[in-house]
Amino acid sequence: MAEPGSDTTSDTSTDDLDLGSIQESGLTQAYETTTSTRVGNGAGGSTVDADLILIAHPEHQRLGARFRLHPGSSMEVGRAPTSEISLPEVLSISRQHARLHYRGRRVVIEDLGSTNGTYVNGTLIKEPSVLHSGDRFQVAGVHFKFLHEKDPEHAFHLTISDLVTRDGLTEIFNKRKYEEEADRELARALRHGRPLCLILFDLDDFKLINDNYGHLCGDFVLKRVTSLVREVVRAEQLLARVGGDEFAILAPETEAPGAEALATKLRDRIAGLEYDYCGCTVSVTCSFGIAQLDPSMDSPDALYEAADKALFLSKRAGRNRVTLHSAPADA
């Protein structure tokens with residue numbers, strides 16, 4: 001990720017982020033790594049980030065998924081699409097089932113009048129209850145484990161999470177992680193009326209690189225491109241490999257002009273870099289498609305489809321281009 005202040009040209013529209021407005025966002029994790037230990041309420045002590053690990057699901061979905069709870073924030077669990085942990089596929093969960101929030105230096109869980117109740121370590125809770133690292137809590141048929149960041153077991157779960165959410169070649173996030181964060185960020189953006197953009201890009205004529213220079217060269221190029229992109233995207237943005245040579249940048253709190261400036265910067269840098277492999281110089285360019293969330297988009301798939309259409313237009317217009325999706329006039 002880029003160091004703060006390392007390069008502020010072109011994409012200045014994302015420089016004035018109101019970080020308070022994205023405090024609950026899962027994508028703030030990287031930004032807050034250096035400030036995860038904070039002074040808590042009360043005398044002395046510190047407040048640390050906590051994680052909720054999904055360890056059991058009636059349909060065995062999203063096992064191992066990790067949800068970060070930051071000091072001073074709250075997180076709701078339910079079937080409602082606006083819940084930070086939205087589980088619409090589990091019908092036994094109430095729309096607004098339970099809420100976790102920091103109270104001083106402690107995390108408290110409370111039931112929100114759910115039909116089937118909320119349990120902590122197998123006991124039904126009737127009033128707000130303090131969670132301790134290692135506790136398990138249950139909402140209907142879904143079970144979570146609660147861990148403070150300083151708990152040694154937290155490092156184990158973090159390692160496992162990286163194994164299932166990172167792409168093995170490029171070491172950036174994979175499609176599974178993108179889909180989890182897209183669900184969460186879209187719900188948050190709709191709930192608070194905040195901007196959200198998606199940038200899709202892929203390598204132009206990547207098949208020719210593989211055919212002419214071999215797949216090892218293709219892998220080399222993919223790693224060089226992703227390394228360059230990681231240096232430019234901000235900590236609150238998520239970069240993921242969603243296909244063979246297709247990548248996504250999920251950008252919360254970003255308007256279309258800021259996303260377009262970022263994509264243009266990346267296009268120019270990728271095209272301007274020399275790719276020397278085994279004595280051969282490989283020419284590499286990328287095409288970009290951008291979409292900003294609008295009222296007509298009610299799902300992450302709708303946002304993705306809009307960005308994908310813009311990417312297709314970049315390809316059709318000659319490649320090595322940035323195209324911003326525009327909704328039909330009668331939309």
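How exposed is Lys309, and what is its relative accessible area? Lys309 has a relative accessible area of 48%, and because the label "exposed" needs over 50%, Lys309 counts as partly exposed. Keep in mind as you look around that this is a predicted model.

Let's stay with Lys309 for a moment. Its side chain forms a salt bridge with Glu305, with the closest N and O atoms 3.5 Å apart. Both residues belong to helix α6 (residues 300-316), and they sit 4 residues apart, about one turn of the helix. Glu305 is partly exposed too, at 44% relative accessible area.

That's one of 19 salt bridges in the structure. Take Glu76 and Arg99, whose side chains meet at 3.4 Å, N to O. Glu76 is buried, at 10% relative accessibility, while Arg99 is partly exposed at 27%. Arg99 also meets Glu110 in a salt bridge, this time at 3.9 Å. Since Glu110 lies in strand β8 (residues 106-111), that pair ties β8 to β7, across 11 residues of sequence. Elsewhere, Asp49, Asp51, Arg66 and Arg68 are linked in a network of salt bridges.

Now for the rings. You can find 6 aromatic pairs here. In one of them, the ring centres of Phe67 and Phe144 are 6.4 Å apart and the planes make an angle of 65°, so the pair is edge-to-face. Phe67 comes from strand β4 (residues 66-69) and Phe144 from strand β13 (residues 142-148), so the pair ties together parts 77 residues apart in sequence. Both are buried: Phe67 has a relative accessible area of 2%, and Phe144 is at 0%. Phe201 and Phe247 make a stacked pair instead, 5.3 Å centre to centre with 20° between the planes. This pair links strand β14 (residues 196-203) with strand β16 (residues 246-252), and both of its residues are buried.

Arg166 lies over the face of Phe173, 4.0 Å from the ring centre, and the charged end of Lys177 sits over the ring of Phe173 at 5.4 Å.

Lys177 brings us to helix α2 (residues 175-192), where it is one of the buried residues. This helix has 18 residues and reaches 25 Å from first C-alpha to last, close to the expected 26 Å. At its start, a side-chain oxygen of Asn174 comes within 3.3 Å of the backbone nitrogen of Arg176. Just after α2, Gly193 takes a positive phi of about 65°.

Methods:
Residues numbered from 1 in each chain as written. Predicted model: local features only at pLDDT ≥ 70, side-chain atom pairs only at ≥ 80, totals over all residues. Heavy atoms only, no water. Helix = DSSP H or I, 4+ residues; strand = E, 2+ residues; numbered from the N terminus. Expected span 1.5 Å × (residues − 1). Buried < 20%, exposed > 50% of the residue type's maximum accessible area, 1.4 Å probe, protein only. Polar contact = N/O pair within 3.5 Å; in protein donor to acceptor, adjacent residues only side chain to side chain. Phe/Tyr/Trp six-rings, centres within 6.5 Å; stacked < 30°, edge-to-face > 60°. Lys NZ or Arg CZ within 6 Å of the ring centre and 35° of its normal. Salt bridge = Lys/Arg side-chain N within 4 Å of Asp/Glu carboxyl O.
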